[in-house]
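Notebook open, viewer loaded. I wanted to look up some helix packing, a sheet and a ring pair.

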Amino acid sequence: MIIEMEKLKTREELKKEDCWDLESVYKNIDDYNKDYNIVKENISILKNRQETFLNNSKNFKEFLELDSMTSRLMAKLYTYAARKNDEDTGKAIYQELYGKINNLYQEYTEATSFVTPMILETDDSTIKKYLDEEKLDDFKHTILDILRYKKHSLTKEEEKVVSAYSKVLDSSSETADYLMDTDMRFGYLKDENNEEIELTTSNYSTLLLSKDRRVRRVAFLNYHKVYGDFKNTLTSTLAASCEALTVSSKLRHFNSSLETSLFGDFIPTKLYDNLIKVVHDNLPLLYKYFEEKRKLLDLSEFHLYDGYVSTVKSIDKKYSFAEAKDLVTASLSILGSEYSKALERAFSEGYIDKYPNLNKRSGAYSAGCYDTKPFVLLNYTETYNDVSTLAHELGHSMHTYFSNKYNSFEESGYPIFLAEIASTVNELLFSYYMESVATTKDEKIAILNERLDTFKGTVYRQTMFAEFEKYIHDLTDKGEILTSDNICNYYYDLNKLYFGPKVVIDEEVKYECLRIPHFYTPFYVYKYATGLSIASYIVKNILKKTPNFKEKYIEFLKSGGRDYPLEVLKIIDVDLTKEDVFKEAFGMFEETLENFIKLNNE
C-alpha cells in the first residue's frame with residue numbers, strides 16, 4: 001500500500017479505527033477551553049505567591065501542589081493541541097490551538113521564573129524541613145535536585161543579566177542554520193538516469209545510497225567542498241557556541257564544559273571517557289565490517305562515500321498493518337504477560353495513528369502525558385522499516401505507560417538520558433525475531449546488515465562526534481582559539497582513526513564537522529551511543545533468559561523519574577562507570593558481523 005501524494009486521503013476519509021483516540025483527551029474544543037481557562041487563572045495565582053510561598057511549610061506545600069496541578073493540566077492541553085495539529089497541519093483551528101498553548105507555556109515559565117532562584121537563596125535545612133514536615137515525598141527528588149545547583153548558581157541580579165543575554169549567546173546556532181539551510185548552494189550533478197539535478201541538503205543522504213558510484217562520489221565531494229568554501233564563517237559560529245558554554249561553565253564554578261553539560265543528569269565525566277576508550281578498543285571490528293563491504297561491492301579501494309550504499313537486496317516484501325501487529329507482538333512476547341497485555345492496549349484502545357493523510361506531519365514519534373494515552377504517530381506504508389519503526393515507537397509508549405501507571409505525576413517523567421533505551425530494546429528484539437523467522441538467505445542478510453549499520457551509525461559514528469566535541473570544548477576551556485585548520489584537521493584525523501587504514505579518507509570530509517547540527521547542542525550525541533549499548537546489554541540478557549532479568553527490566557520501565565539515570569540503571573545491574581556494558585554491546589556487533597560474513601560466503 002505505497003501511497004502516492006496525489007492519492008492521499010483527507011483526514012475525514014480515514015477509518016476511525018486507523019486513527020488515534022484524541023476524544024479520550026477532550027471531546028471538543030469547549031472541554032479543552034475549560035482546562036485552558038483554569039490554567040490561565042492558576043498562572044496568575046502562582047505569580048502572586050512569589051512573596052509568600054517560602055514563608056512556611058504550609059505555603060510551600062500549597063504552592064507546589066498548585067504548580068503541579070497546573071503543569072499537569074498544561075501537559076494535557078499541549079498533548080491534545082500538538083496531536084490535532086500534527087494529524088492535519090493545514091487546519092487553521094488547530095494551528096491556532098497549538099500556537100496558543102505554546103504561548104501559555106511561555107507565560108507560565110515567565111510567571112514562575114522566581115521559584116528556582118528563591119529556593120536556592122533559602123537555607124537547605126529550611127527547604128528539607130518543609131519537605132519532611134508536609135511529607136512531600138513526591139516532590140523530594142525534584143526539589144533536592146534544585147538544591148544541587150546551589151554552588152553553581154549566581155545571584156538573582158547576575159542570573160537576570162545572563163538570562164537577558166541568553167538569546168544573544170545562542171544566536172550562533174541560528175546563524176549557522178540560516179547559512180546552511182538557506183544561503184548555501186551545492187551546485188548540480190547528473191543522477192543515475194543522467195538527468196541534471198540540484199544537490200541539496202534534502203537529497204544529499206539519498207544520493208549517497210545510489211548504486212551508481214559516480215553519483216555518490218560527486219555528491220559527497222561537492223557537498224563537502226562547499227562547506228570548505230564557508231569554513232571560516234562556520235568555524236566562527238561553532239567557536240562562538242563553544243565560547244558561550246565555556247563562559248557559563250566558569251561563571252557557575254564548573255571545572256569544564258563537559259562537567260557542566262553532564263551535571264543535569266548527575267553523570268560523571270568518567271563515563272564519557274570510558275565510552276571513547278571502549279570504542280577505540282573495538283575499532284578493528286568496524287575496520288573488518290568495511291573490508292567486508294568493499295569485497296561485496298567489488299571495489300579495489302573503499303572510500304567514505306561507499307559506506308552508505310547497501311550491499312544486500314532490500315526486503316521488498318509488504319506487510320499489512322495487521323501483519324505488523326502480529327510480528328511486533330510476537331517479537332516482544334518474550335518480555336512477559338504484563339508487557340504483552342499493555343502492548344495489546346496500544347493496538348485496541350486508540351494509541352496509534354496509522355496511515356499518511358493529506359497535510360499530516362511526516363515521520364513517526366511517540367508522545368503523550370500523564371493524563372492521556374501514550375500516542376504513536378506513524379506514516380505506515382507496509383515496508384519492513386515501517387514495522388521496525390512501529391516496534392521502536394511502541395517501546396517509547398510502553399516506557400511511558402509503565403512510568404505513568406506506577407508513579408505519581410511528579411515522579412513519572414523519565415530523563416532523556418534513558419529515553420531511547422526501551423525503544424531500541426524493542427527494535428533489537430524485533431530484529432532478532434525477524435532473523436529467526438526469515439525464510440530466505442537474502443532476508444537474513446538484509447536484517448543482519450541493518451543491525452550492523454545501526455551500530456555503525458549510533459555507536460561508532462556518534463562516539464566519533466562525541467570525541468570531536470570534547471576536543472573543541474577542551475581547547476576553548478583552555479583559552480585557545482578555534483581555527484578552521486585546527487578543528488578540521490583534527491576531524492580529518494579522527495576519520496582516519498575510526499574508519500581505519502584500508503578506507504580512503506577523502507580530504508573533503510574534514511569539512512563535515514562544520515555541518516553537524518548537534519555540535520551546537522553540546523555533549524548530547526554520546527547519549528545515542530550509551531542508549532544503544534545499554535539496549536544491547538538488555539537484549540542479550542533477555543534472549544539468553546538470564547534468571548530474573550526480564551522482571552528487572554520491567555521494573556526499570558516502571559521507575560519513571562524517581563532517581564538519577566545511573567541509579568535507575570542499577571535496577572538492571574548496569575554500571576556505566578565501568579566498561580562491561582559497552583563491551584557487551586560490541587560482543588553483539590561482533591556476533592552479528594560474523595554471521596553476516598558467514599552467510600555472504602555460503
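Ground rules before anything else. I'm working on a predicted model, where local features need pLDDT of at least 70, side-chain atom pairs count only at pLDDT 80 or more, and totals for chains, interfaces and linings use all residues. Residues are numbered from 1 along each chain as its sequence is written, and side-chain values use heavy atoms, with hydrogens and water left out.

**Entry 1: helices 15 and 17.** I took helices (H or I, at least four residues) and strands (E, at least two) as DSSP runs, numbered from the N terminus. Axes are lines fitted to C-alpha atoms, for helices over the stretch in contact, and angles run from 0 to 180 degrees between N-to-C directions. Helix 15 (residues 321-332) and helix 17 (residues 384-405) have axes that come within 10 Å and cross at roughly 55°. That makes helix 15 oblique to helix 17; angles under 35 degrees count as roughly parallel, over 145 as roughly antiparallel, 65 to 115 as roughly perpendicular and the rest as oblique. Looking at who touches whom (heavy atoms within 4.5 Å), I found Phe321, Ala324 and Val328 of helix 15 meeting Val387, Leu390, Ala391 and Leu394 of helix 17. The residues of this contact split into 7 nonpolar, no polar and no charged. For the classes, Ala, Val, Leu, Ile, Met, Phe, Trp, Tyr, Cys and Pro count as nonpolar, Asp, Glu, Lys and Arg as charged, and the others, Gly among them, as polar.

**Entry 2: helices 8 and 11.** Helix 8 (residues 171-183) packs on helix 11 (residues 231-251) at about 155°, with the axes 8 Å apart. The two are therefore roughly antiparallel to each other. From helix 8, Ser172, Thr175, Ala176, Leu179 and Met180 meet Thr233, Leu234, Thr237, Ala240 and Ser241 in helix 11. By class I get 5 nonpolar, 5 polar and no charged residues.

Entry 3: I see 3 strands in an open sheet, order 4-6-5, with mixed pairing; strands pair if DSSP finds at least two bridges between them. Strand 4 (352-353) and strand 5 (365-367) are at the edges with a single partner strand each, so one side of each has no neighbour in the sheet. Strand 4 runs parallel to strand 6 (residues 375-377), joined by 2 bridges. Aspartate 353 has leucine 377 in strand 6 as its bridge partner.

**Entry 4: rings.** How many aromatic pairs does the structure hold? I get 49, where rings of Phe, Tyr and Trp (its six-membered ring) pair if their centres lie within 6.5 Å, and planes under 30 degrees apart count as stacked, over 60 as edge-to-face and the rest as tilted. I picked phenylalanine 290 and phenylalanine 302: ring centres 5.5 Å apart and planes at 40°, so the pair is tilted.
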